[in-house]
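Reader: I would like to go through the labels attached to this model and ask, for each, on what grounds it was given.

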Amino acid sequence: MQIVIAAANKLISASELMLATLRTDLVPVPVSLEFSVKANRELEEQLKPGAEILVGDISHPLEIVLVQPVKSQTIKDDRRIGAISCIAVLSGCKKLLTHAERAAILEQTSFNSAIRACGAKNIRLGDDLPLPEFICLKGRLPTVRLALYLQQEAAVICFRDNKLNVLKLDSLFKQDPVLKLDFSEVSWLNSNQKEKLQKSSYVSVDQDGSTVIGDDTTTAGQAVIQRAGLDARQLKNLEKVLIPRGTIERPLNMELMAGSVVEISQNKYVILTAAHQVETGAVGGNVGSITKLWLASL
């Protein structure tokens, strides 16, 4: 996994890098990188909050949002080796992770406009979807509000073709699978109780003030949630959720990303999270690389 500090055009070498984990998820900020390097004066000056880095084949830079000096447990030359631990997210997304400085209230808008209204001015979506309204009051977390409206539209944000894209859940499963797996390769998560906890029924009150709208709420063990001001379409969308079904570990393959589809026993599963981890053994310990996938069905 190549990590380059953009401003200095410096490649962090294998002798400096200790551990790195690149994650892609189906969430409002879909790409993150956690990494640790051996501390030295040069890296301490270059790895600062706001610094941009480039990772692998991802052309969109990532911005460091957290830097924390740590002392490792490894002893060399009678002293503990110092380290720098960093977290980075897609450049331009930092505003979505901090409390809104002012309210954003939009009508007949789109997710692209909503994201920009929350302060992420440099983010432009590839695929976008219309949005009847968007409200994020001052002091609220934009990611939480975006996740709410994504759920109401049965959609997710994923990183594809070096862009953020808003896609309907149904459209994810219309893709061709990028990988075919054997059933035995997956550690399956089989729990009816967990599935019931992750899926709820939703109801609301119609404009006449007396009619309750929503699907059948008599399903045993399934929560019933009331949401005000939503129509039948939005209530139906809320009941479309991705249910985690299993995990799989494979040799490092950074082309596998959240939002792609794999096929197992002629059934399609979407990659909910893809985590690519590299350990260099720069200060001793394990050496290796792995990709772990979390798979989900609709």
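**Labels and their grounds**

Author: Asn9 counts as exposed, with a relative accessibility of 63%. The model is a predicted one, and Asn9 sits in the loop between β1 (3-5) and β2 (10-11).

Reader: Why is Asn9 called exposed?

Author: The label exposed is given over 50% relative accessible area, and Asn9 has 63%, so Asn9 counts as exposed. Asn9 also has a positive phi of about 50°, although it is not a glycine.

Reader: Why does Ser265 count as partly exposed?

Author: Partly exposed covers the values between the buried limit of 20% and the exposed limit of 50%; Ser265 has 47% relative accessibility, and therefore counts as partly exposed. Ser265 is found in the loop between β18 (261-264) and β19 (267-279), and its phi is positive, near 50°, in a residue other than glycine.

Reader: What makes the pair of Phe134 and Tyr149 tilted?

Author: A search of the whole structure finds 3 aromatic pairs. In the pair of Phe134 and Tyr149 the ring centres are 5.1 Å apart and the planes stand at 50°; rings pair if their centres lie within 6.5 Å, and planes under 30 degrees apart would be stacked and over 60 edge-to-face, so this pair is tilted. Phe134 lies in strand β9 (residues 130-136) and Tyr149 in helix α3, so the pair ties together parts that are 15 residues apart in sequence.

Reader: How do you know whether Phe134 and Tyr149 are buried or exposed?

Author: Buried means under 20% relative accessible area; Phe134 has 0% and so counts as buried, and Tyr149, with 4%, counts as buried too.

Reader: What does the lining of the second largest pocket consist of, by class?

Author: The second largest pocket holds about 360 Å³ of space, and of the 16 residues that line it, Leu26, Ala147, Gln151, Ala155 and Val156 are the closest to its centre. The lining of the second largest pocket divides into 13 nonpolar, 2 polar and 1 charged residues, and α3 gives the most to this lining, with 3 residues.

Key: Residues are numbered from 1 along each chain as its sequence is written. This is a predicted model: local features need pLDDT of at least 70, side-chain atom pairs count only at pLDDT 80 or more; totals for chains, interfaces and linings use all residues. Side-chain values use heavy atoms; hydrogens and water are left out. On a 1 Å grid over the protein atoms alone, a cavity is a set of points where a 1.4 Å probe fits but cannot get out, and a pocket is an open set with protein on both sides within 12 Å along at least five of seven lines; lining residues have an atom within 4 Å of a point. Grid points are joined across faces, edges and corners, and a volume is the space filled by probe spheres set on the points. Helices (H or I, at least four residues) and strands (E, at least two) are DSSP runs, numbered from the N terminus. Ala, Val, Leu, Ile, Met, Phe, Trp, Tyr, Cys and Pro count as nonpolar, Asp, Glu, Lys and Arg as charged, and the others, Gly among them, as polar. Buried means under 20% relative accessible area, exposed over 50%, partly exposed in between (1.4 Å probe, protein chains only). Rings of Phe, Tyr and Trp (its six-membered ring) pair if their centres lie within 6.5 Å; planes under 30 degrees apart count as stacked, over 60 as edge-to-face and the rest as tilted.
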